[in-house]
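Student: I am new to this structure and would like to learn how its features are read. May we go through them one at a time?

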Amino acid sequence: MSEVIPSKVLYIDLSRKKWWIEDRKDLFDKWLGGIGVAIQLYKENVDRDADPLGPQNVIIFAIGPLTGLFPMCSKTISVFKSPLNGYVFESHAGGRSALAIRFAGYGAIVIKGSSEKPVYLVIDDRKVHFNDASALWGMKSTETIGRVLREVTQGSGYRTIMRIGIAGEKMIRYANVNVDTYRHFGRGGLGAVFGSKKLKAVVIIGRRAVKLDKRYLGDYMKLYKEIYETAISTTALKKYHDLGTPQNVLALNSLGALPTRNFSSTRFEEADKISGEYLAERYLGRRLACSGCPVACIHIAALREPTGEPYFYKTTFVGYDYEPIYAIGSDLGVGDPEGMLKLFRAIEEYGLDVITTGNVLAWITEAYQRGIVKREDVLVEPRWGDWKTYIEMVKYIVEQPNEFYKTAALGVAALAEKYPEGRDFAMHVNKVEPAGYHTGPAFWVSLVVGFRHSHLDSGAYSFDEKFAKEGRRDVTPSEVAKLVVEEESWRQILNSLVVCLFGRGLYKEELVSRTLKSIGINLEPDQLRRLGRKIWIEKWIVKLREGYDPEKIELPKRIFETETPLGKISPEVVKEAVREIKLIIREEIEKTLRFG
């Protein structure tokens, strides 16, 4: 394959304060990059019984051959063993991370071991610096940490700053990693893994250029222009620029699929006040784009607050997306947009995953109302919509003043295990709290068999929405299984290149093949499809090795009680669809072992 593929892997050992580089063309030539390579590096470095919060766990970052070369190829893949559930986990983030890694000359970074003292890494194309992070350890705000690191790592080049807050230091199982202030490795608890390694931050500075073979330069330039023009003119991507993902609030509410008050209903009476339209009209301060993307889907709200002095105000910027809006808006009954944004800011400062935090607060609220947990446990009186009390509770989750909040710091599944009377409304799938869709059976099946436990695992909510528009109430398990497997298989290609999945409608099979050919990689659409399926199966080989059995996952009873646009979900349809997918996986694994 072409030398344009960034095949160098940077290995960092925190225990020994050592680093080295290996050229892994063997992996990149076979698996492209991104998730295809990352899962192989995980197989090589993580034992099946490794403690997620022990030095045996690794942090892997990977990019792909299209990174920095085509529009919307702007994501970094992270793979690690999740402290939430103990299985291999996949998380994606944008910002400047992907281009910084690319221009530093690496295709992947593997961080091993654990440091005895707090440390932050500064990585460039020449060296890895192990710097004392004692002064940063304990800082409350992830934004402040970013500002400090920007000051001490000045210079030219593409720079990304990945860092954790206090939540990561305390190894709260759903701590995230903040990337360039407004992006995150959000799901699965990567922040806790950072904390367990005493790794406060990773700064990557890229100063190299990407050199293309002159034989392909003409075709590449022509294709780049074509894709760029399509990206900025298509209505499908325009919606991400104009309103961003929060446009989903009113759409899902109208459809009857917006999770509300701990998924007890699917319509929120104040949805209009937390909608993308409302926020854009009254609070939108600016839009940002990930490096290498012309869409600018990141929406930033400007909160103007009094300082206490007459006529003096401060303006705080808060990024917002659909998933956080569902988690701390409709699912908590919060219809006050300013209150929701302030709650979001508080969660962000500590470095917590907003989706899981919202679900934890929702479970506590319902459990308190039912008398399952008491005032002496919760220390406050949570009520739906009371965002001020929720901010107090977020502080308690981080500070852990009693045994109740120590359990809450482990997630919804841990709360339900301690208080089994609340198990039926404990919203989690394999100990990971769900994204904001209650569209029908396909979505929940995708969470059972996914690796991100996100709406972006096969995008199966869209299958449910399609069935609803067609007036279907007779969805079969086989239909669901087929759609999930085919879509998830293809997404492995997009996630190996690495393409932002907002661009999945643009980067179809034929176009992907053309992009690769324009940089010297000759893969036809049918070859790409087969490779995507192989990568998907490689991921399953790892997860099954770790003991995961999708048929043994118990979904919360609540999802079968609350109406969806397709009516109430049949447990039998979900169970049978999962069983069929498992059979497909087993057959594919046997074929892989037999023929390679």
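Tutor: Let us begin with strand pairing: two strands count as paired if DSSP finds at least two bridges between them. Please keep in mind that this is a predicted model.

Student: Which residue stands opposite Tyr313 in β15?

Tutor: Pro306 stands opposite Tyr313 of that strand. Another bridge joins Glu305 to its partner in β15, Lys314. Altogether, β14, which covers residues 298–306, pairs with β15 over 8 bridges in the antiparallel sense.

Student: In which order do the strands of the sheet lie?

Tutor: The sheet is open and consists of 3 strands in the order β13-β14-β15, with antiparallel pairing. Its edge strands, β13 (284–288) and β15 (313–320), each pair on one side only. On average, neighbouring strands of this sheet are turned by 30° against each other, direction ignored.

Student: How many residues lie between the strands in the hairpin of β14 and β15?

Tutor: There are 6 residues between the two strands of this hairpin, and Gly308 there takes a positive phi near 110°.

Student: Let us turn to helices. Which residues of α19 are buried?

Tutor: A residue is called buried when its relative accessible area is under 20%. In α19, residues 461–469, this holds for Tyr461, Phe463, Asp464, Glu465 and Phe467. These buried residues pack against three helices: α9 (248–255), α18 (441–448) and α20 (477–497). After α19 comes Gly471, with a positive phi near 75°.

Student: Is Lys214 buried or exposed?

Tutor: Lys214 has a relative accessible area of 76%, and residues over 50% count as exposed, so Lys214 is exposed. Lys214 is found in the loop between β12 (199–206) and α7 (217–233). Although Lys214 and Ile519 are 305 residues apart along the chain, their C-alpha atoms are separated by 9.5 Å.

Student: Which residues line the largest cavity?

Tutor: Its lining is made up of Ser446, Val449, Gly450, Asp457, Ser458, Val484, Glu488 and Trp536. Sorted by class, the lining of the largest cavity has 3 nonpolar, 3 polar and 2 charged residues.

Terms used
Residues are numbered from 1 along each chain as its sequence is written. This is a predicted model: local features need pLDDT of at least 70, side-chain atom pairs count only at pLDDT 80 or more; totals for chains, interfaces and linings use all residues. Side-chain values use heavy atoms; hydrogens and water are left out. Helices (H or I, at least four residues) and strands (E, at least two) are DSSP runs, numbered from the N terminus. Axes are lines fitted to C-alpha atoms, for helices over the stretch in contact, and angles run from 0 to 180 degrees between N-to-C directions. On a 1 Å grid over the protein atoms alone, a cavity is a set of points where a 1.4 Å probe fits but cannot get out, and a pocket is an open set with protein on both sides within 12 Å along at least five of seven lines; lining residues have an atom within 4 Å of a point. Ala, Val, Leu, Ile, Met, Phe, Trp, Tyr, Cys and Pro count as nonpolar, Asp, Glu, Lys and Arg as charged, and the others, Gly among them, as polar. Buried means under 20% relative accessible area, exposed over 50%, partly exposed in between (1.4 Å probe, protein chains only). Contact means heavy atoms within 4.5 Å.
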